[in-house]
Amino acid sequence: MEVLAQLLINGLSVGAVYALFALGYTLVFSVLGVINFAHGALFTLGAYLTYLLLGGAVGSNGALAGLQLPLALPLWAALPLAGLGTAAASLVVEAVAFRPLRRRGAEPLLYLITSLGAGVILVNLIQLLMGAEAYALPGQLLGALPAVLALGDGLQIRTVQLLLLLVAALVMLLLSLWLNRSRAGKALQAVAEDATTARLLGINSGAMVQLAFALAGFLAGLAGGLVALSVSIAGPYFGISYGLKGLGVLVLGGLGSVPGAVLGGLIVGIAEACVPGNLSGYKDAVAFAFLFVVLLLRPQGLLGRRLVEKV
Amino acid sequence: MTTAALLELDQVSRRFGGLQALDGVSLEVQQGEILGLIGPNGAGKTTLFNVITGLTAPSSGSVRWRGKAIEGQRPDLLCRLGLARTFQNLRLFRQLSCLDNLQVAMGRNDRRGALELLALVQLQGRAEAAAGSLAYGDQRRLEIARALATGPQLLLLDEPAAGLNPVEKQALRELVQLLRDQFQLTVLIIEHHVPLMMQLCDRLAVLNFGRRIALGSPEQVRRDPLVIEAYLGKGAP
Amino acid sequence: MLDVSLLVQMLLGALLALAVYLPLRAGQLSLATPGFYAIGGTVAALLSTRAPALAGDGELYPLSSVLLELLLALLLAGALALVIGGPVLRLQGIYLAIATIALVEILRVLLLNSSWFGGAVGIFAIPQPFDGPEGYLGAYGLLLALVCWGCHWLEQQPLGRAMAAIRDDELAARCMGVDTDRVKLLAFLFSALVAAAAGVLAAHYFNSWNARQASFDASITSLAFVVLGGSRTWLGPVLGGLLLTALPELLRPVGDLRLIVFGLVILLGPVLIPQGLIPRGLINPKRP
């Protein structure tokens, strides 16, 4: 029983990050019907921004070697700021990789390539500026809090994990409230439902696309910062595997479905936590095995809607 | 003279969620006739075509082709049995040349045969042009030629005159009659343009809210009170 | 600057681009190419290092053994393509792309974790059938010529035409009597065969083989070859594969910036030349 509860705790905290990640994908997918392959790079950017804002110094290999911000922000300020910075970068990605194609009504296939191009540029810019080395976020971020909290019955949770879970849950709650209650959120959903009709109703779909990208960027940046906090930054390419896994999570839950992205993230997180230690090498395949089975049994994903071609 | 019907629909129904798109429709299409299908928008005409050509399985009821049940069969197999259709919203292979559009439907390399069909619809000069680059009326005729290229016995035309000008409509009427008279084709045609249908069809079937409310010669149908009500509303003279 | 080994890699790039192109011509965005490429390479690496009977007596690894590897790799990749193609090809558009990415990732993780396949380090000291890169240039040149000829022939055949029709409108193709499931499966099969054959030669050429050969990056890079070259005729992917493989090498003088320039090319390419370098109609000009 305790083992199970411990697995659940570990799985939930990892799954929450996957969910944040997949939410970003799904926001863009719901308004544009395409996948943004630069999302993993934005996640990476968020991690590095968090590191810099917390007062971390650039290592010796990058073009910015030795650079350090004059002041080190506390975590509660650095995380959202990194999210905002990533949101700005996401808007740039939209402007260069998506907008020209959207204006032309281009084949969806082309977006895969241009967004990947944007991702490649972003990752390599980071490498150029910050070097390829690993970065660990500065220590005492959590102040006086202990590194591990005991929950009784032998259960324990890393404080970082708890923080991650709480922040992710809070953000998802706010996002779904915003989507369903606010005017802008409802407009965004209307564009996702039917862009043409939304335009007739006076909703500016271009602005909604930008809003979706900004939000997705914010979520990616936040997820990047949280993961960096939890496991440190392994190098400029560390977002790629998360990006791929996020894709698995996305399809598992159903493309374009917000609750689906959360559910998919939690399922994959918990499933990965259940992989026994001696098979841990296979952990990375769990999300994809799930994805594969779900796609074959239920192509629209767990919570997605079935699309029927109209003749 | 009682010949077995080429195509028989028996109590065909189709439900989409809460919408009863087809409600117990029965219809026999006789060899060699031009049967028109009319009715208000949303009456279930295209759904009926989709059921016949295998794109939509009926919820209940049966479809028989030369006496054999065919409901729920794959569209490509039905096409090879001799049922070919056009689409309400043109569905040509837009990037392919006119010639290749026809050769896809033929399933073989037959340049000469394809050119003959193009000549039949007055498109011989556009053989190498991409289908998507043709004028709208030309695309409509190319779609008919593409259906003919499959070597059908029954041709299903879904609003072939939509968007055509009066001259083109007249040419279309002549083309359909030619297909029946010279190629011994049977034609099932959906069309909103009632005068055209009155001239062209041997019989008319009228659908409303998924039900067949009338069937008979154009003259009979025109006088049918149910039809008048469906088109003009209750209380019309 | 264009040395022989770069030429070999360019030919390899062109082959992988054709492997992506084949299903794409039938409207199917499959990113499984690196998976079949890895299968080909793994078969070659295992057979040539673990089966002494194949090694021969001479100094060089016998070509007949390479052919045997090729045969086995094609059989394995072909069988796998037929088995997974059935269910996978029912998926549409981006779902198919993601499912094939998942397949490649699963394969990569399996190869990475199995000691039999050399695990993370891979298989080393794969014997050489040629005594220099020129031999590989010839072998790859022959293979590429064969595949190009096959693609060109296919494009004139009913099957190739049916593929193009499915790309334009799958539903209409089905209504016009095209057995779309079969056509899509064949396109997927051809793609798997081309990728596996390229992999067999690559294992020998690179002299070592590991799980990283099956990566998501490779999927997208070969897709970029096709998109930039143009995907309406076989010449587009070939040109895209040749040029884009050469690009990072030719950009070596700009040092650290080369991947950024590569990113710029694939970012701006679809924006500036949406039809690719070789649009439809260029290769088959109007016949008289």
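Residues are numbered from 1 along each chain as its sequence is written, and chains are lettered from A and ligands numbered from 1 in the order in which they are written. Because the model is predicted, local features need pLDDT of at least 70 and side-chain atom pairs count only at pLDDT 80 or more, while totals for chains, interfaces and linings use all residues.

**View 1. An open sheet of four strands in chain B.** The strands follow the order E2-E1-E4-E5 in chain B, and their pairing is antiparallel. Strands (E, at least two residues) and helices (H or I, at least four) are DSSP runs, numbered from the N terminus; two strands pair if DSSP finds at least two bridges between them. Strand E2 (19-29) and strand E5 (68-69) of chain B each have a single partner strand and stand at the edges, so one side of each is left without a neighbour in the sheet.

**View 2. Strand pairs of the chain B sheet.** Seven bridges hold E1(B) and E2(B) in antiparallel pairing, with B:Val12 opposite B:Val25 in E2(B). E1(B) and E2(B) form a hairpin with two residues between them, and B:Gly17 in the turn has a positive phi of about 55°. E1(B) also pairs with E4(B), again antiparallel, over five bridges; here B:Leu7 stands opposite B:Trp65 in E4(B). Strand E4 (residues 60-65) of chain B is joined to E5(B) by two bridges, and these strands run antiparallel. B:Arg64 faces B:Ala69 in E5(B) across this pair.

**View 3. A helix across the sheet, and the domains of chain B.** Helix H1 (residues 45-52) of chain B lies across strand E1 (7-16), E2 and E4 of chain B, and runs at about 65° to E2(B). Axes are lines fitted to C-alpha atoms, for helices over the stretch in contact, and angles run from 0 to 180 degrees between N-to-C directions. Chain B is divided into domain 1 (1-84 + 193-200 + 208-237) and domain 2 (89-150), with bounds from an automatic or database domain assignment. The C-alpha centres of domain 1 and domain 2 of chain B lie 27 Å apart.

**View 4. Helices H2 and H3 of chain C.** The axes of H2 (residues 33-50) and H3 (residues 63-88) of chain C come within 9 Å and cross at roughly 140°. H2(C) and H3(C) are therefore oblique to each other (angles under 35 degrees count as roughly parallel, over 145 as roughly antiparallel, 65 to 115 as roughly perpendicular and the rest as oblique). Residues in the contact include C:Phe36, C:Ile39 and C:Leu47 of H2(C) and C:Leu72, C:Leu76 and C:Leu80 of H3(C); two residues are in contact if their C-beta atoms, placed from the backbone, lie within 7 Å. By class, the contact of H2(C) with H3(C) has eleven nonpolar, three polar and one charged residues. Ala, Val, Leu, Ile, Met, Phe, Trp, Tyr, Cys and Pro count as nonpolar, Asp, Glu, Lys and Arg as charged, and the others, Gly among them, as polar.

**View 5. The side of chain A that touches chain C.** Here 38 residues of chain A are in contact with 32 residues of chain C. Helices H3 (75-104), H4 (108-130), H9 (238-253) and H11 (283-297) of chain A each give two or more residues to this side of chain A. H4(A) supplies the largest share, 14 residues. The residues on this side of chain A divide into 30 nonpolar, five polar and three charged.
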